[in-house]
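Hi there,

Here is the structure I promised to pass along. Have a look at it first, and my notes follow below.

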Amino acid sequence: MFTVTSLFMDNYLLKSSLPSRQRKGSILVVEDNDDHWFLTRWALLQTLPGIEAVRTTNAGETLEYLNDCLEADALLPGLILLDLYLPNREDGWHVLETVKLHYILRRLPVVLLSSSEHPDDIEQSYYLRGSSYLVKPSSYPEWITHFEGFRRYWWEAVTLPQRASPR
């Protein structure tokens, strides 16, 4: 593990800085699998080093976190990266539906990041107003490539609503 971590840190330190349009803030990562969280976190560190990755591991914890942000009048995450199977897809659908039906939270982009390539999962995610659907890569270099594209699109190309406190 030490050599893998050292390799990741070396690559992280060698990365060039992001373009001047970079956004600050946080991404809420809803991921119940520790290995996938590790890969996601490292990919985010390498591609979006100024962004804080906040992790929740299930539907209840996720909705509680978002509710706590609303009640505390705190900044909401700029984006939610949602694993569909938490461990079952009904939990992922519940989070997506709840966020997209809430009068404040619905403006948050929700990108589904799932191991599933099943057409029904992809179709349902867009039906429930998911912003995008990404299939989890199978190797670490592919994770970096995925997240470089993710950064270019969500942090450099897209114009999102100005981040502010929820009230």
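Let me start with S125, which is buried because its relative accessible area is 0% (buried is under 20%, exposed over 50%, partly exposed in between, with a 1.4 Å probe and protein chains only). S125 sits in helix α5, residues 119-127; helices are DSSP runs of H or I of at least four residues, strands are E runs of at least two, and both are numbered from the N terminus. Neighbours within four places in sequence aside, S125 touches W93, L96, L112, G130 and Y133, a contact being heavy atoms within 4.5 Å. W93 is 32 residues away from S125 along the chain, yet their C-alpha atoms are 7.6 Å apart.

A word on the source: this is a predicted model, where local features need pLDDT of at least 70 and side-chain atom pairs count only at pLDDT 80 or more, while totals for chains, interfaces and linings use all residues. Residues are numbered from 1 along each chain as its sequence is written, and side-chain values use heavy atoms, with hydrogens and water left out.

On the chain as a whole, there are six helices and five strands, in the order α-β-α-β-α-β-α-β-α-β-α from the N terminus. The chain has 167 residues, and 43% of them count as buried. Of the contacts between residues at least 6 apart in sequence, 73% join residues at least 24 apart.

And D68? D68 belongs to helix α3, residues 59-71, and counts as partly exposed because its relative accessibility is 39%.

Happy browsing!
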